[in-house]
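I opened this entry to log what I looked up, strand by strand and ring by ring.

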Amino acid sequence: QVQLVESGGGLVQPGGSLRLSCEASGSIFSLNVMGWYRQAPGKSRDLVATHTSTTDITNYADSVKGRFTVSRDNAKKTVYLQMNSLQPEDTAVYYCNLRQMSDPPDYWGQGTQVTVSS
């Protein structure tokens, strides 16, 4: 089993920045993909950004490219999401995800609220 604990959400004004953290523990395979998804009220949970452990390949939603950066500290088993130039449309619950060749293959954090408002 894998546990994911997120931190770093909050309220920020438009144009501001936040950094989310997600620490993983448990049975984590060397090859995995960790990342972030978000869900706004009444909408589906959508991909924000992912990072692959062995290749350092990252993937971003078009809506966050150039503003958000996903990174990882393998020693700390932690993935980060640096969010800059935040806009009201970024308001959502942000969920950490880990995907690997296990059963089950997908793990989720509890979610952290990000609110962008003046």
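I began with strand E9 (residues 92–99): six of its eight residues are buried, so the strand is largely enclosed by the rest of the structure. Buried means under 20% relative accessible area, exposed means over 50%, and partly exposed lies in between (1.4 Å probe, protein chains only). Strands (E, at least two residues) and helices (H or I, at least four) are DSSP runs, numbered from the N terminus.

Before going on, I noted the conventions. This is a predicted model, where local features need pLDDT of at least 70, side-chain atom pairs count only at pLDDT 80 or more, and totals for chains, interfaces and linings use all residues. Residues are numbered from 1 along each chain as its sequence is written, and side-chain values use heavy atoms, with hydrogens and water left out.

Next I looked up what E9 pairs with; two strands pair if DSSP finds at least two bridges between them. E4 and E9 pair in the antiparallel sense over seven bridges. Val33 has Arg99 in E9 as its bridge partner. E9 and E11 run antiparallel and are joined by three bridges. There, Val93 has Gln113 in E11 as its bridge partner. E9 and E10 also run antiparallel, with three bridges. Asn97 stands opposite Trp108 in E10. I logged E9 and E10 as a hairpin, with six residues between them.

**Rings and a charge**

How many aromatic pairs does the structure hold? I found one. Tyr37 and Trp108 form this pair, edge-to-face, at 5.1 Å centre to centre and 70 degrees between the planes. The rule is that rings of Phe, Tyr and Trp (its six-membered ring) pair if their centres lie within 6.5 Å; planes under 30 degrees apart count as stacked, over 60 as edge-to-face, and the rest as tilted. The pair links distant parts of the chain: Tyr37 is in strand E4 (residues 33–39) and Trp108 in strand E10 (residues 106–108), 71 residues apart.

I checked accessibility for both rings. Tyr37 counts as buried because its relative accessibility is 11%. Trp108 has a relative accessible area of 35%, so it is partly exposed.

Then I looked at Arg45. Its charged end sits over the ring of Tyr95, 3.6 Å from the centre. Arg45 also lies over the face of Trp108, at 4.7 Å from the ring centre. My criterion for both: NZ of Lys or CZ of Arg within 6 Å of the ring centre and within 35 degrees of the ring normal.

**Thr112**

Thr112 lies in strand E11 (residues 112–116). Is Thr112 buried or exposed? It counts as buried, at 12% relative accessibility. I traced the side chain of Thr112 to the backbone nitrogen of Gly9, at 3.3 Å. Leaving aside neighbours within four places in sequence, Thr112 is in contact (heavy atoms within 4.5 Å) with Glu6, Gly9, Leu20, Ala92, Val93 and Tyr94.

**The open sheet**

Last, I followed the sheet order. Four strands form an open sheet, E1-E3-E8-E7, with antiparallel pairing. Strand E1 (2–7) and strand E7 (68–73) are the edges, and each pairs on one side only. Inside the sheet, strand E3 (residues 18–26) and strand E8 (residues 78–83) pair in the antiparallel sense over six bridges. Leu18 has Met83 in E8 as its bridge partner.

Technical notes. Polar contact = N/O pair within 3.5 Å; in protein donor to acceptor, adjacent residues only side chain to side chain.
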